[in-house]
Amino acid sequence: MIEADFAIMHKTRPARDQVEITEVTGRVRDKIAIVGDDVIMTGGTLLANVKALREAGVKGVWVYATHGVFCGNALEKFHGAPIDGIVVTDTVPIDHLAAPANLTVLPVAGLLAETIMNVFADDSVSAIFGGENQLF
């Protein structure tokens, strides 16, 4: 959809709370990487991905997640991390005082309200996205 190359990062878990990226498959050198996930809990996987991408020669890294849970001291881990920007939604409250400067929190209230109204009125939910989420 965005007409861009993609890479795959191969991950292993040597222990319950440890992550290792064993390989980056794809050409990432001198490119800007966009890494997405459904949730950021501790930040371990995401930071391992960023480290592997930087070692592979990317010139920039942006990350996003639908839900920024940031358990325990996870927000602290992102201070000074080699990430150009982090984008999450406001589906989970975030301590803005502890947040790194490169964190952007997008509100979803309007989208949820419009979705609920369309369901209630028996209108198209796909219309909210301009039909861009249609598979066929």
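In what order do the four strands of the open sheet stand, and is their pairing parallel or antiparallel? The order is 3-4-5-6, and the pairing is parallel. Strands here are DSSP runs of E with at least two residues, and helices are runs of H or I with at least four, both numbered from the N terminus. Two strands pair if DSSP finds at least two bridges between them.

The model is predicted: local features need pLDDT of at least 70, side-chain atom pairs count only at pLDDT 80 or more, and totals for chains, interfaces and linings use all residues. Residues are numbered from 1 along each chain as its sequence is written, and side-chain values use heavy atoms, with hydrogens and water left out.

The sheet has two edge strands, strand 3 (32-40) and strand 6 (103-106), each of which pairs on one side only. Neighbouring strands are turned by 20 degrees against each other on average, direction ignored; axes are lines fitted to C-alpha atoms, for helices over the stretch in contact, and angles run from 0 to 180 degrees between N-to-C directions. Within the sheet, strand 4 (residues 60-68) and strand 5 (residues 85-89) are joined in the parallel sense over five bridges. In this pair, Val63 stands opposite Ile86 of strand 5. Helix 1 (residues 44-55) packs on the sheet and touches strand 3 and strand 4, where contact means heavy atoms within 4.5 Å. The direction of helix 1 makes about 165 degrees with that of strand 4.

The pockets come next. A pocket is an open set of points on a 1 Å grid over the protein atoms alone, with protein on both sides within 12 Å along at least five of seven lines, and lining residues have an atom within 4 Å of a point. The largest pocket has a volume of about 620 Å³. It is lined by 22 residues, and the closest to its centre are Asp5, Phe6, Ala33, Ile34 and Val35. Strand 3 gives the most to this lining, with six residues.

The second largest pocket has a volume of about 290 Å³. Of its 16 lining residues, the closest to the centre are Arg13, Thr42, Gly43, Gly44 and Thr45. Strand 3 and helix 1 each supply at least two residues of this lining.

Thr45 lies in helix 1. Thr45 counts as buried because its relative accessibility is 17%, and buried means under 20% relative accessible area with a 1.4 Å probe, protein chains only. Leaving aside residues up to four places away in sequence, Thr45 touches Lys11, Arg13 and Val19.

Methods:
1 Å grid on protein atoms, 1.4 Å probe; cavity = no way out; pocket = protein on both sides within 12 Å on 5 of 7 lines; lining within 4 Å. Points joined across faces, edges and corners; volume = space filled by probe spheres on them. Buried < 20%, exposed > 50% of the residue type's maximum accessible area, 1.4 Å probe, protein only.
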